Amino acid sequence: LGPIGADGVQMVEESLPEPAHESLQDGTPSSQELKCNAVADVARYECETKLAHFRQTCMYQSRTTTFTVTNPADMSLPFSFRLTDAMPAGMASSRRPKTAASGGLAMMPIPCPFSVEPAEGVIEPGDKATIGVTFCSTREVLLKDNKDIRCTISEPHEGVCAGKFETFDVSASVKSSWSMFRLQPARGVTFGAVKFNEEPRKKPFYIKNEGQFDFAFTVTGADGDADATAAIVAHTPLALLSEEQAAELEAKGGAGAVAPPTGPREVGKFVVEPSGGIVEPGQSVPIEVIFNPGGQALYKEALAIVVAGADPTDMAAVNGSHFEVVGESCYPAINTTDFRQIFEEQMIISSLAEALQDKSEQDIRPCFAEEEKVFTYGSVVCSAHPKGICERFKISNPNKIPCSVSFAIEAADAMMGGKPGEVADPGDAEDLAAYTVEPASLDIAPHEQRQVCVYFKPTGMRKYSSRFVATVTDGENDPTTGSLSFGLMGRGTLPCVTVESPLVRSEAGETVLAFGRVHVGRRQEQTVTLANDGIVPATCLFDAPVLTSAAGDDAGAAAAAAAAEEQKSLSPGRRGRGSMPETPFSCSKSGHSITLQPGEKSTLTMAYTPPEHGSAMVLGEQSATVKMTVMHNQYETTTFMLSGEAYANDVLIEDLPDDATDNVLNFGELNLEHDTGAKVVSFSMRNRTDEVVKYSWQADAQFTVSPATGHIPPNSVAENITASFAAKEQLTCDAVPLTLFTEKVKYTEEGAAVTHWDANQKVVRPATDVELEELLRPSSAVSVASDVSSSSKSSKKGKKGKKEGKGDSRPGTAADDALPMRAAIQLGPIGADGVQMVEESLPEPAHESLQDGTPSSQELKCNAVADVARYECETKLAHFRQTCMYQSRTTTFTVTNPADMSLPFSFRLTDAMPAGMASSRRPKTAASGGLAMMPIPCPFSVEPAEGV
């Protein structure tokens, strides 16, 4: 059967018949032999192992392992090796980890790191072939039983049976990695700040092998070194070398032929030792860096630490390629330019000369003058401070290294003095001795500060000049920070106090305070004004008054003198009275002190108060002394001499206006134009005796006293005594006396009650007909009524009074007694029952004088002014120049008071244009809102707006 035809017809195959023929050869046919060679066998092989095990291998380093394949058959055995990626794309395998080279993508296959030599060939029958497998990886891998190597055995003949006969896989196990290391510290070494002349500083860093292979390393500068590069190349895997590098290495003897340098290497101001070496796995090699300081600069160098066979992308290799070593060499220094810091506790001024142009020397306080570079203590009281006045200056170390500073006081150079243009002479030995510095030296840590104390102790009243010098040890290389120097200036002085008032002095130079005559029980004061005319504060101390004499009492004067001598022997600190006898003199500051600043004034009170009762009461002249001393000035002592005379009156005039205690009566001012009545003041009188005192007043025409006469019981007070001042024309009364006469009396009537009596006392009783008739006469001195109706009314009511007065037998009701009666009786009010009442003066009680001679007298001095208030004004016009808006202009005028009385005044500002009016002279303004109906505020002001 043949194939099926295109038309679907079954075809058959038929053998062609042999064509008909006949032999052309006579005899037998010719013959020859064809020799055949053939083998009939089964292809087979023998392999000693199918495993390829490699030791742990460094990256780019090649390792080779071999195995043998034997052909035991009688036929040839073709073979070939094919390297495949056993992990196809899209698969992940824990045996084939992701690496940096693969970009971290599990989808990318890892190229096969193996190679086979020979990759293919034919093994003759009975022969064997040695197969070499080489591993060299470009990334870190870990393979176990890897099947990337596959061997194919083929049939040795052609034909139907030709082709693949058998395959087998070679299992490979291998691990590859970079040389691993770690630097400690990882980025660099810092020496910090070092003094320029110190011994070289040493600091190590460490390189540790954390991998499985030993490696070579070198340390060079940033520019590298040929020897170091050659050593690294010699220990780098050949796969990482270029052809030229490989050729050079082969010429030098191959891998490892050049050893890394191990000696010291100098890089700038730094020395590194060792500069290279071999590090075994797990070993840590110390590398010492030495810093040689010099001058004042910051030194920074970059070291290149290269490790053969290390991953260039590893952070340790990156840091090692730029490993910084830093050191700073410094000069010791202190702050010499920032005076705000140095004199932070004092005041700083631009120029001492300029300050003295506006101020006096006493106003200068401790300060530093920048222009003269002088520190002045001002004026200092000699011996005021046992150790001297102290000023502290701050010494700062702005650098990063500690410094030692020594301090000294040196002679001053020609520097500016106290006044413009004045130049101070260089200081002498006394000037140097006046200043002391403590401590003499200081050690100051970096960026720290310390205080140095400079004491100024003057010994005389003069100017002292020196110079303060702070020197830094080893700081002479930089003069701007190695030394601080400025002038010192101060003036020694003594405090002094002047008594400005009173100005009266005795022959001995004592300040005299005469209190004059002072009534016992009263107080007379005088004010003492003290002034500090010096240039430093002064403190005054006051002793208690010491009685020096008493009139008519020689024994008392002697006792007082003895007490004064005892007081002098007391210690200076004892300022109280102690056992001193009581004295009528007093000082408001006794036992206390007053401190006066330069130019300041102060007042104190000295008083004389003679006692009224007890054994201390002494009449007559008395004197005492008060001593004032000024601290820190043994030459300044002032003695006040106090004197006064004590006297006693039977009657004291009290409760005077203005609290006057010296019998002065001030009426003030009487305006003749407006005041229609008299000026009236009231006071009281006190009887300080144990007897009844009769008094009477004698006054000038302008003054009246009511009551003019009277009696005051023992130890009693007569109140509401009034004094009046009246005038009809201009009059000035200055210390016009009102005389008071007093005498002790006793009542002669047996059993008479001792009560207050004065001439103004009256009794009110019903009037008799005779009294009414006498009082109602036209010639009567007494005003009866103001109109006719009231007069007649009083007359009618008087008739009732006559009836009540029938049978009255009292003295004074007879007609012959009418005239005396009219002087002592006045019409009184109408009683509730319509009866006319009369006011009758109480008669003076019968009495007799207990004094021999004339009555006692004293004067009350009256001050009063009667005048009309008037003034004089030079002008009433205030003319201003044309003025810009919101600009102020001022004009002045004078008001004079020509009268003898005070003239109170006040100014009132009003709007001259009332609301609802418009004026071209008062235009509308923005402040008034542009409305003509609104008044414009007065644009004027007056100073003073009011006064007297």
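Two strands pair if DSSP finds at least two bridges between them. Strands themselves (E, at least two residues) and helices (H or I, at least four) are DSSP runs, numbered from the N terminus. The tour below opens with this term, in a predicted model in which local features need pLDDT of at least 70, side-chain atom pairs count only at pLDDT 80 or more, and totals for chains, interfaces and linings use all residues. Residues are numbered from 1 along each chain as its sequence is written, and side-chain values use heavy atoms, with hydrogens and water left out.

**Stop 1**

As a general point, strands of a sheet pair through backbone hydrogen bonds, either parallel or antiparallel.

**Stop 2**

The next selection is an open sheet of five strands, in the order 12-20-19-14-17, with mixed pairing. Its edge strands are strand 12 (188-195) and strand 17 (276-279), each of which pairs on one side only. Neighbouring strands of this sheet are turned by 15° against each other on average, direction ignored. Such angles rest on axes that are lines fitted to C-alpha atoms, for helices over the stretch in contact, and run from 0 to 180 degrees between N-to-C directions.

Which strand is joined to strand 12 by six bridges? It is strand 20 (residues 323-330), and the two run parallel. Select Val 189 to find its bridge partner in strand 20, Val 325.

**Stop 2: a cavity**

The structure holds two cavities of 30 Å³ or more. A cavity is a set of points, on a 1 Å grid over the protein atoms alone, where a 1.4 Å probe fits but cannot get out; lining residues have an atom within 4 Å of a point. Grid points are joined across faces, edges and corners, and a volume is the space filled by probe spheres set on the points.

Go to the second largest cavity, which contains about 30 Å³ of space. To display its lining, select Val 380, Val 381, Ser 383, Ala 384, His 385, Gly 388, Ile 389, Phe 456, Lys 457 and Pro 458. This lining divides into six nonpolar, three polar and one charged residue. In this grouping Ala, Val, Leu, Ile, Met, Phe, Trp, Tyr, Cys and Pro count as nonpolar, Asp, Glu, Lys and Arg as charged, and the others, Gly among them, as polar.

**Stop 3: salt bridges**

A salt bridge is a side-chain nitrogen of Lys or Arg within 4 Å of a carboxyl oxygen of Asp or Glu. By this rule the model has 21 salt bridges.

Select Glu 345 and Arg 392, which form one of them, with the closest N and O atoms 2.6 Å apart. The pair links distant parts of the chain, 47 residues apart: Glu 345 is in the loop between helix 4 (339-342) and strand 21 (347-349), and Arg 392 is in strand 24 (residues 389-396). Are these residues buried (under 20% relative accessible area), exposed (over 50%) or partly exposed (in between; 1.4 Å probe, protein chains only)? Glu 345 is partly exposed at 41% relative accessibility, and Arg 392 is partly exposed at 35%.

Next, select Arg 870 and Asp 867, a salt bridge with its closest N and O atoms 2.9 Å apart. Arg 870 is partly exposed at 32%, whereas Asp 867 is buried at 2%.

**Stop 4: around Arg 686**

Select Arg 686 and Glu 612, whose side chains meet in a salt bridge (3.6 Å, N to O). Arg 686 lies in strand 43 (residues 679-687) and Glu 612 in the loop between strand 38 (601-608) and strand 39 (620-630), so the pair ties together parts that are 74 residues apart in sequence. Arg 686 is partly exposed at 21%, while Glu 612 is buried at 15%.

Finally, show the open sheet of four strands in the order 41-43-47-45, with antiparallel pairing. Seven bridges join strand 43 to strand 47 (residues 717-725), and Arg 686 stands opposite Val 717 in strand 47.

Conventions:
1 Å grid on protein atoms, 1.4 Å probe; cavity = no way out; pocket = protein on both sides within 12 Å on 5 of 7 lines; lining within 4 Å.
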